[in-house]
Amino acid sequence: MAERAFTVCLATNWNKAPMGTPPTLLLFRHDLRINDHPALNDALARGGPVVALYVLEEVTDRAYGGAGKWWLHHSLSSLSKSLSDLNIPLILRKGARLDVVKEFAAEVQATAIVYNRNYDKPGVAFGTALKEWGKSGAC
(Lines give C-alpha, C1' and ligand atoms only; values in the text may rest on other atoms or scores of the structure.)
Protein backbone atom coordinates (compact mmCIF):
# COMPACT_ATOMS: atom_id res chain seq x y z
CA MET A 1 0.00 0.00 0.00
CA ALA A 2 1.44 3.37 -0.99
CA GLU A 3 2.25 5.76 1.80
CA ARG A 4 0.23 8.89 2.08
CA ALA A 5 1.10 12.03 3.96
CA PHE A 6 -1.37 13.83 6.19
CA THR A 7 -1.20 17.39 7.44
CA VAL A 8 -2.89 18.46 10.64
CA CYS A 9 -3.19 22.23 10.78
CA LEU A 10 -3.00 23.84 14.18
CA ALA A 11 -4.45 27.00 15.62
CA THR A 12 -1.52 29.36 15.99
CA ASN A 13 -2.68 31.17 19.11
CA TRP A 14 -0.09 29.57 21.38
CA ASN A 15 0.32 31.23 24.78
CA LYS A 16 3.87 32.33 23.99
CA ALA A 17 5.15 35.27 22.02
CA PRO A 18 6.21 34.07 18.56
CA MET A 19 9.92 33.51 18.11
CA GLY A 20 10.68 33.78 14.41
CA THR A 21 8.73 31.84 11.82
CA PRO A 22 6.79 28.97 13.40
CA PRO A 23 7.90 25.59 12.06
CA THR A 24 6.12 22.67 10.50
CA LEU A 25 6.46 19.61 12.72
CA LEU A 26 7.45 16.46 10.81
CA LEU A 27 6.72 13.20 12.64
CA PHE A 28 8.61 9.96 12.16
CA ARG A 29 7.51 6.56 13.38
CA HIS A 30 8.72 3.49 11.43
CA ASP A 31 9.73 5.22 8.20
CA LEU A 32 13.19 6.38 9.27
CA ARG A 33 14.39 7.61 5.89
CA ILE A 34 14.28 10.74 3.75
CA ASN A 35 14.01 9.17 0.28
CA ASP A 36 10.49 8.59 -1.01
CA HIS A 37 8.98 10.18 2.11
CA PRO A 38 5.68 11.95 1.31
CA ALA A 39 5.44 13.76 4.65
CA LEU A 40 8.96 15.18 4.32
CA ASN A 41 8.13 16.38 0.81
CA ASP A 42 4.93 18.02 2.06
CA ALA A 43 6.73 19.67 5.00
CA LEU A 44 9.39 21.12 2.70
CA ALA A 45 6.75 22.29 0.21
CA ARG A 46 5.05 24.34 2.95
CA GLY A 47 8.12 26.59 3.08
CA GLY A 48 9.62 27.86 6.29
CA PRO A 49 11.43 25.90 8.96
CA VAL A 50 10.81 22.21 9.64
CA VAL A 51 11.50 20.36 12.89
CA ALA A 52 11.45 16.55 12.91
CA LEU A 53 10.31 14.52 15.91
CA TYR A 54 10.65 10.83 16.74
CA VAL A 55 8.81 9.56 19.81
CA LEU A 56 9.70 6.21 21.34
CA GLU A 57 6.48 4.96 22.85
CA GLU A 58 7.47 1.79 24.65
CA VAL A 59 3.88 0.90 25.61
CA THR A 60 2.51 0.51 22.07
CA ASP A 61 5.65 0.21 19.94
CA ARG A 62 7.06 -3.20 19.34
CA ALA A 63 9.37 -4.35 22.10
CA TYR A 64 12.98 -3.93 21.07
CA GLY A 65 15.50 -6.56 22.05
CA GLY A 66 19.25 -6.02 21.83
CA ALA A 67 19.41 -6.24 18.03
CA GLY A 68 16.31 -4.05 17.64
CA LYS A 69 17.75 -1.38 19.91
CA TRP A 70 21.00 -1.48 17.94
CA TRP A 71 19.07 -1.11 14.66
CA LEU A 72 16.93 1.74 16.05
CA HIS A 73 19.97 3.61 17.39
CA HIS A 74 21.81 3.41 14.08
CA SER A 75 18.70 4.17 12.02
CA LEU A 76 17.99 7.29 14.08
CA SER A 77 21.64 8.36 13.85
CA SER A 78 21.55 7.99 10.07
CA LEU A 79 18.22 9.81 9.84
CA SER A 80 19.54 12.65 11.98
CA LYS A 81 22.55 13.06 9.68
CA SER A 82 20.37 13.00 6.55
CA LEU A 83 17.98 15.56 8.01
CA SER A 84 20.80 17.82 9.20
CA ASP A 85 21.98 17.99 5.58
CA LEU A 86 18.55 19.55 4.89
CA ASN A 87 18.85 21.89 7.92
CA ILE A 88 16.15 19.95 9.76
CA PRO A 89 16.89 19.03 13.38
CA LEU A 90 15.70 15.64 14.62
CA ILE A 91 14.38 15.73 18.17
CA LEU A 92 14.07 12.46 20.11
CA ARG A 93 11.52 12.09 22.89
CA LYS A 94 10.08 9.22 24.92
CA GLY A 95 6.56 8.85 26.27
CA ALA A 96 2.95 8.62 25.18
CA ARG A 97 3.13 9.65 21.50
CA LEU A 98 0.05 11.88 21.36
CA ASP A 99 0.93 13.69 24.61
CA VAL A 100 4.53 14.21 23.53
CA VAL A 101 3.49 15.51 20.11
CA LYS A 102 0.99 17.97 21.61
CA GLU A 103 3.54 19.23 24.14
CA PHE A 104 6.30 19.56 21.57
CA ALA A 105 4.02 21.28 19.04
CA ALA A 106 3.23 23.88 21.70
CA GLU A 107 6.90 24.16 22.68
CA VAL A 108 8.00 24.99 19.12
CA GLN A 109 4.72 26.77 18.26
CA ALA A 110 4.19 24.57 15.19
CA THR A 111 1.62 25.68 12.65
CA ALA A 112 1.13 22.20 11.21
CA ILE A 113 2.03 18.59 11.88
CA VAL A 114 2.90 16.43 8.89
CA TYR A 115 3.24 12.64 9.04
CA ASN A 116 2.97 9.54 6.91
CA ARG A 117 -0.13 7.55 7.60
CA ASN A 118 0.42 4.27 9.40
CA TYR A 119 -2.03 1.49 8.68
CA ASP A 120 -1.50 -0.57 11.83
CA LYS A 121 -4.02 -0.27 14.67
CA PRO A 122 -1.93 2.07 16.89
CA GLY A 123 -1.06 4.21 13.86
CA VAL A 124 -4.69 4.63 12.83
CA ALA A 125 -5.73 5.46 16.40
CA PHE A 126 -2.93 8.01 16.69
CA GLY A 127 -3.80 9.65 13.37
CA THR A 128 -7.48 9.88 14.31
CA ALA A 129 -6.72 11.41 17.72
CA LEU A 130 -4.21 13.86 16.25
CA LYS A 131 -6.61 15.01 13.55
CA GLU A 132 -9.37 15.46 16.15
CA TRP A 133 -7.06 17.51 18.37
CA GLY A 134 -5.87 19.75 15.55
CA LYS A 135 -9.09 20.07 13.58
CA SER A 136 -9.68 23.67 14.63
CA GLY A 137 -6.56 24.88 12.87
CA ALA A 138 -6.33 26.14 9.32
CA CYS A 139 -3.31 26.11 7.02
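Colleague: Where is Asp36 found?

Modeller: Asp36 sits in the loop between E2 and helix H1 (38-45). Helices (H or I, at least four residues) and strands (E, at least two) are DSSP runs, numbered from the N terminus. This is a predicted model, with residues numbered from 1 along each chain as its sequence is written. Local features need pLDDT of at least 70, side-chain atom pairs count only at pLDDT 80 or more, totals for chains, interfaces and linings use all residues, and side-chain values use heavy atoms, with hydrogens and water left out.

Colleague: How do I read phi there, and is Asp36 buried or exposed?

Modeller: Most residues other than glycine have a negative phi. Asp36 has a positive phi, near 50°. Asp36 is exposed, at 66% relative accessible area. Exposed means over 50%, buried under 20%, and partly exposed in between (1.4 Å probe, protein chains only).

Colleague: What is the phi of Asn87, and where is Asn87 found?

Modeller: Asn87 also has a positive phi, near 60°. Its loop lies between helix H2 (66-84) and strand E4 (90-94). Asn87 is exposed, with a relative accessible area of 68%.

Colleague: What pattern does the protein follow along the sequence?

Modeller: The order is β-β-α-β-α-β-α-β-α. That is four helices and five strands. Of the 139 residues, 40% are buried. Contact means heavy atoms within 4.5 Å. Among contacts with a separation of 6 or more, 82% are between residues 24 or more positions apart.

Colleague: Which way do the side chains of E2 point?

Modeller: In a regular strand the side chains alternate between the two faces of the sheet. In E2, Thr24, Leu26 and Phe28 point one way. Leu25 and Leu27 point the other way. Five of the five residues of E2 (residues 24-28) are buried.

Colleague: How many bridges join E2 to strand E3?

Modeller: Two strands pair if DSSP finds at least two bridges between them. Here five bridges join E2 to E3 (residues 50-56), and the two run parallel. Leu27 has Leu53 as its bridge partner in E3.

Colleague: What does the side chain of Thr24 contact?

Modeller: A polar contact is a pair of N or O atoms within 3.5 Å; within protein, one must be able to donate a hydrogen and the other to accept it, and residues adjacent in sequence count only if both atoms are side-chain atoms. The side chains of Thr24 and Arg46 make one at 3.0 Å. Thr24 is buried, at 2% relative accessibility. Beyond four places in sequence, its contacts include Ala43, Val51 and Val114.

Colleague: Asn116 is in which strand, and is it buried or exposed?

Modeller: Asn116 belongs to strand E5 (residues 112-116). Asn116 is buried, at 3% relative accessible area. A polar atom of its side chain lies 2.9 Å from the backbone nitrogen of Ala39.

Colleague: How far apart are the end C-alpha atoms of helix H4?

Modeller: The expected span of a helix is 1.5 Å times one less than its number of residues. The 14 residues of H4 (residues 121-134) should span 20 Å, and the end C-alpha atoms are 20 Å apart, which agrees. At the N-terminal end, Asp120 caps H4: a side-chain oxygen is 3.0 Å from the backbone nitrogen of Gly123.

Colleague: Which residues of H4 are buried?

Modeller: Gly123, Phe126, Gly127, Leu130 and Gly134 are. They cover an arc of only 100° around the axis, so they lie on the same side of H4. The arc is that of the directions from the helix axis to the C-beta atoms.
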